[in-house]
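Here's a quick briefing for anyone opening this one up for the first time. Have a look at the model, then read on.

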Amino acid sequence: MSYSVSERTHEIGIRMALGARPGDVLGLVAKLGLKLTSIGVAIGVALAFGVTRLISTFLFGVKPTDPLTYAAVALSLAAIALLACYIPARRATRVDPMIALRYE
């Protein structure tokens, strides 16, 4: 996300110059991060269900298809990913439009 935000500095600067509020920019970056996180979690859960026979030999005291474990892991990964998206998003809200427009 940090790379994505740094690549879009010019675009974010234009948005800020045209009147976008910091909350709008934060939402823009967070929405992209949430979309990528959702896709990753969905693919990860599907793959985990696909290899349940393989991972069942590594698990002790937990069924390979335990829904509580899947939900806890998915939610914790989503929370960490959103926190990782928040830091670049907060930095993007502090972009000075004039500096971003002079960047290129």
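**A first look**

The protein has an accessible surface of about 7300 Å², and carbon and sulfur atoms own 69% of it (areas come from the Shrake-Rupley method with a 1.4 Å probe, and for residues only the protein chains shown count as cover). Keep in mind that this is a predicted model: local features need pLDDT of at least 70, side-chain atom pairs count only at pLDDT 80 or more, and totals for chains, interfaces and linings use all residues. Residues are numbered from 1 along each chain as its sequence is written, and side-chain values use heavy atoms, with hydrogens and water left out.

**Overall build**

- You'll find six helices and zero strands here, where helices (H or I, at least four residues) and strands (E, at least two) are DSSP runs numbered from the N terminus.
- Read from the N terminus, the order of elements is α-α-α-α-α-α.
- The radius of gyration is 19 Å, whereas a compact globule of 104 residues would come in near 13 Å; the radius is taken over C-alpha atoms, and the globule rule is 2.2 Å times the number of residues to the power 0.38.
- Along the principal axes, the C-alpha atoms fill a box of roughly 60 × 20 × 15 Å.
- Of the 104 residues, 18% count as buried (buried is under 20% relative accessible area, exposed is over 50%, partly exposed is in between, with a 1.4 Å probe and protein chains only).
- Take the contacts with a separation of 6 or more: 73% of them involve residues 24 or more positions apart (a contact means heavy atoms within 4.5 Å).

**Charges**

- There are 11 positive and 6 negative side chains, and the centres of the two sets sit 7 Å apart.
- For that count, Lys and Arg are positive and Asp and Glu are negative, while His and the chain ends are not counted; each charge is placed at NZ of Lys, CZ of Arg, CG of Asp or CD of Glu.

**The nonpolar core**

- The largest nonpolar core has nine residues: Val-5, Ile-12, Met-16, Val-25, Val-29, Ala-89, Ala-92, Val-95 and Ala-100.
- Two or more residues of this core come from each of α2, α3 and α5 (67-93).
- A nonpolar core is a set of buried Ala, Val, Leu, Ile, Met, Phe, Trp, Tyr and Cys residues joined through side-chain atoms within 4.5 Å.
- In soluble globular proteins, nonpolar side chains tend to be buried together.
- Not counting residues up to four places away in sequence, Ala-89 touches Leu-26 and Val-29.

**Around Pro-97**

- Ala-17 belongs to helix α2 and is partly exposed, because its relative accessibility is 46%.
- Beyond its neighbours within four places in sequence, Ala-17 is in contact with Pro-97 and Leu-101.
- Leu-18 sits in the loop between α2 (9-17) and α3 (22-50), and counts as exposed because its relative accessibility is 72%.
- From Leu-18 to Pro-97 is 79 residues along the chain and 9.0 Å between C-alpha atoms.

**Along helix α3**

- Gly-23 is part of helix α3 and is partly exposed, with a relative accessible area of 49%.
- The C-alpha atoms of Gly-23 and Ala-89 are 9.6 Å apart, with 66 residues separating them along the chain.
- Ser-38 also lies in helix α3, and its relative accessible area of 41% makes it partly exposed.
- Ser-38 and Ala-74 are 36 residues apart in sequence, and 9.3 Å from C-alpha to C-alpha.
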